[in-house]
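Me: I would like to go through the two chains of this structure, by question and answer. Please show the sequence and the structure to start.

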Amino acid sequence: MAPLRKLDSLSRFFMKFYSGKHYETTPHTPLRSPLNECKIALITTAGFFLNGQEPFGNGDCSYREIPNSIQIQALVNGHKSAAYDERGLETDPNLAFPLDRFKELETEGKIGSLNHRHFSFMGSITKPDRLITQFAPEVGRVLKTDGVDVAFLTPV
Amino acid sequence: MCNQSVGLIQRAVEAAGISTVSITLIEDITRKVRPPRALAVPYGFGHPLGEPNNPELQHAIITEALALLADETSPPILKSSRQTLKEKIDG
């Protein structure tokens with residue numbers, strides 16, 4: 001396994017000067033119930049998808065639905081990048097989509113339940129307009145309709 | 001750009017009426033996007049939950065992140081993980 005380390009200097013340089021989105025306000029939905037009564041959904045930007053689903057394209061802002069019932073090793077890594085070593089993710093997808101960990105929390109009674117579906121996006125999006133206007137709000141509406149209380153999000 | 005994408009998705013999901021918390025690998029980006037709650041971890045790209053096949057560390061990070069949901073500070077909340085890089089490299 002590659003040693004864990006802070007981001008390399010080139011990535012840091014790029015991130016420092018990339019003119020990204022900048023907001024002044026923050027949306028806020030307070031937690032309404034204790035976690036052991038909450039329904040939780042996972043969202044990752046690791047670009048995972050399942051065999052039979054359409055792979056992500058370059059700059060793809062859309063998402064793939066990941067059923068809660070899958071085995072974690074069924075996830076395909078669709079986010080090959082020179083920016084990081086993906087071997088860890090391929091060995092253990094929980095590293096960026098911690099489904100097994102949350103199933104353990106559910107079994108232990110520390111969270112109420114897991115939603116029947118979760119969502120995967122691709123993270124390398126330098127033009128996120130459709131993500132902001134269409135796909136992310138769509139996932140929000142779907143999760144709300146599912147009765148989800150909490151979403152846990154992981155980058156890659 | 002994963003960290004920006006996570007923040008943008010998080011904003012939209014929170015705005016839909018769902019409480020959200022995220023992991024970030026790049027605090028500078030997250031500070032600009034201002035998602036409601038984020039835990040900054042000291043790991044490289046590809047390792048938001050620290051290390052593969054280390055359920056103990058993954059649970060520790062998840063527990064820290066979920067605790068932000070009960071934090072009564074007004075969002076945005078951006079906290080650094082108590083997990084350290086050193087102990088995991090040695091691991």
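Me: What pattern does chain A follow along the sequence?
Reply: The model is predicted, and the assignments rest on its coordinates. Chain A has four helices and seven strands. Read along the sequence, the pattern is α-β-β-β-β-α-α-β-β-α-β.

Me: What percentage of the residues in chain A is buried?
Reply: Of the contacts in chain A with a separation of 6 or more, 80% are between residues 24 or more positions apart. Chain A has 156 residues, and the buried part of them is 38%.

Me: Which residue is the bridge partner of A:Pro67 in β6(A)?
Reply: Strand β6 of chain A spans residues 117–121, and four of its five residues are buried, so the strand is largely enclosed by the rest of the structure. It pairs with β1(A) in the parallel sense over two bridges, where A:Thr44 stands opposite A:Ser120. With strand β3 (residues 63–67) of chain A, β6(A) runs antiparallel over five bridges. In that pairing the partner of A:Pro67 is A:Arg117.

Me: Why do the buried residues of α3(A) lie on the same side of the helix?
Reply: In α3 (residues 99–107) of chain A, the buried residues are A:Leu99, A:Arg101, A:Phe102 and A:Leu105. They are on the same side of α3(A) because the arc they cover around the axis is only 160 degrees.

Me: Against which elements do the buried residues of α3(A) pack?
Reply: The helix is followed by A:Gly109, with a positive phi near 80 degrees. The packing partners of the buried residues lie in both chains: β1 (39–44) and β5 (113–114) of chain A, together with α3 of chain B.

Me: Which element gives the largest share of the side of chain A that touches chain B?
Reply: The contact takes 59 residues from chain A and 55 residues from chain B. On the side of chain A, the elements that give two or more residues are α1 (9–17), α2 (87–91), α4 (129–145) and β7 (150–154). By class, that side has 33 nonpolar, 15 polar and eleven charged residues. The largest share, nine residues, comes from α4(A).

Me: Is the β-α-β unit of β2(B), α3(B) and β3(B) right-handed or left-handed?
Reply: Strand β2 (residues 37–40) of chain B pairs with β1(B) in the parallel sense over three bridges, and those two strands with helix α2 (residues 27–33) make a right-handed unit. On β2(B), strand β3 (residues 77–80) of chain B also runs parallel, over four bridges, with B:Ala38 opposite B:Leu78. The unit of β2(B), α3 (residues 55–67) of chain B and β3(B) is left-handed.

Me: Is B:Asn53 buried or exposed?
Reply: B:Asn53 lies in the loop between β2 and α3 of chain B, with a positive phi near 55 degrees. Because it has 12 C-beta neighbours inside 10 Å, B:Asn53 counts as exposed.

Me: What is omega at the cis peptide bond between B:Pro75 and B:Pro76?
Reply: Most residues other than glycine have a negative phi, and most peptide bonds are trans. B:Pro76 lies in the loop between α3 and β3 of chain B. The cis bond that joins B:Pro75 and B:Pro76 has an omega of about 10 degrees.

Conventions. Residues numbered from 1 in each chain as written. Chains lettered and ligands numbered in written order. Predicted model: local features only at pLDDT ≥ 70, side-chain atom pairs only at ≥ 80, totals over all residues. Contact = placed C-beta atoms within 7 Å. Nonpolar A, V, L, I, M, F, W, Y, C, P; charged D, E, K, R; others polar. Pairing = 2+ DSSP bridges. Right-handed = clockwise from strand over helix to strand, strands pointing away. Buried ≥ 20, exposed ≤ 12 C-beta atoms within 10 Å, placed from the backbone. Arc of directions from axis to C-beta.
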